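Work through the exercises below with the sequence and the 3D view open. Try each task before reading its solution.

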Amino acid sequence: MVVAPKAELTKKSMESGIPYIVLGLLYAYLLYLSWTPDTWRLIFANKYMLPELSGIAKMFANEMTLASAWIHLLAIDLFAARQVFHDGLENQIETRHSVSLCLFFCPIGLVTHFITKALTKNTSKHGL
């Protein structure tokens with residue numbers, strides 16, 4: 001998506017759901033391994049049945065929980081990067097910088113894509 005965004009191989013691989021299936025299965029497995037008898041108590045720690053930061057911190061002290069969270073973030077980052085990539089192709093907007101940022105810092109990548117898209121539309125309206 002970054003090196004060769006218009007290559008046929010890139011376009012075909014971005015249409016595939018296989019990476020999400022692999023990440024989803026890995027996530028489920030790691031989540032299973034991280035489950036402890038205290039998990040429900042930590043997740044639903046207060047009377048509102050909402051997690052509290054201290055409980056979340058305790059859960060992430062477990063390496064398997066942390067690994068499952070990392071896989072979760074990878075899947076979300078990849079999904080967002082793919083959406084930005086497809087939107088860029090559809091609207092003929094440069095997305096390499098936004099895709100790169102999505103893969104590492106997803107929300108920042110989304111913001112840069114919206115800014116790039118707005119600037120590109122303004123530039124094309126004014127004939128620049």
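**Exercise 1. Aromatic pairs**

Task: How many aromatic pairs are there, if rings of Phe, Tyr and Trp (its six-membered ring) pair when their centres lie within 6.5 Å?

Solution. Step 1: by this rule the count comes to four aromatic pairs. This is a predicted model, in which local features need pLDDT of at least 70, side-chain atom pairs count only at pLDDT 80 or more, and totals for chains, interfaces and linings use all residues. Residues are numbered from 1 along each chain as its sequence is written, and side-chain values use heavy atoms, with hydrogens and water left out.

Step 1: a pair of aromatic rings is described by the distance of the centres and the angle of the planes. Planes under 30 degrees apart count as stacked, over 60 as edge-to-face and the rest as tilted. For Trp35 and Trp40 the centres are 5.5 Å apart and the planes are at 75°, an edge-to-face pair. For Trp40 and Phe44 the centres are 5.1 Å apart and the planes are at 10°, so this pair is stacked.

Step 2: ring pairs link Trp35, Trp40 and Phe44 into a cluster.

Step 3: now classify the three residues by relative accessible area (buried means under 20%, exposed over 50%, partly exposed in between, with a 1.4 Å probe and protein chains only). Trp35 has 39% and is partly exposed. Trp40, at 49%, is partly exposed. Phe44, at 31%, also counts as partly exposed.

**Exercise 2. Helix H2 against helix H5**

Task: At what angle do the axes of helix H2 and helix H5 cross, and which residues meet?

Solution. Step 1: locate the helices, which are DSSP runs (H or I, at least four residues; strands are E, at least two) numbered from the N terminus. H2 covers residues 18–34 and H5 covers residues 63–91.

Step 1: two packed helices are described by the angle between their axes and the distance between the axes. Axes are lines fitted to C-alpha atoms, for helices over the stretch in contact, and angles run from 0 to 180 degrees between N-to-C directions. The axes of H2 and H5 come within 8 Å and cross at roughly 160°. That makes H2 roughly antiparallel to H5, where angles under 35 degrees count as roughly parallel, over 145 as roughly antiparallel, 65 to 115 as roughly perpendicular and the rest as oblique.

Step 2: H2 passes H5 in a left-handed crossing (the near helix is turned anticlockwise from the far one by less than a right angle; clockwise would be right-handed).

Step 3: list the contacts, meaning heavy atoms within 4.5 Å. On the H2 side they include Pro19, Tyr20, Leu23 and Leu26, and on the H5 side Met64, Thr65, Ala67 and Ser68 are among them. The residues of the contact of H2 with H5 divide into 15 nonpolar, four polar and one charged. Here Ala, Val, Leu, Ile, Met, Phe, Trp, Tyr, Cys and Pro count as nonpolar, Asp, Glu, Lys and Arg as charged, and the others, Gly among them, as polar.

**Exercise 3. Helix H1 against helix H5**

Task: How far apart are the axes of helix H1 and H5, and at what angle do they pack?

Solution. Step 1: H1 spans residues 8–15, and its axis is 11 Å from that of H5, at an angle of about 130°. That makes H1 oblique to H5.

Step 1: the contact is made by Thr10, Lys11, Met14 and Glu15 of H1 and Arg82, Phe85, His86 and Leu89 of H5. These residues divide into three nonpolar, two polar and three charged.
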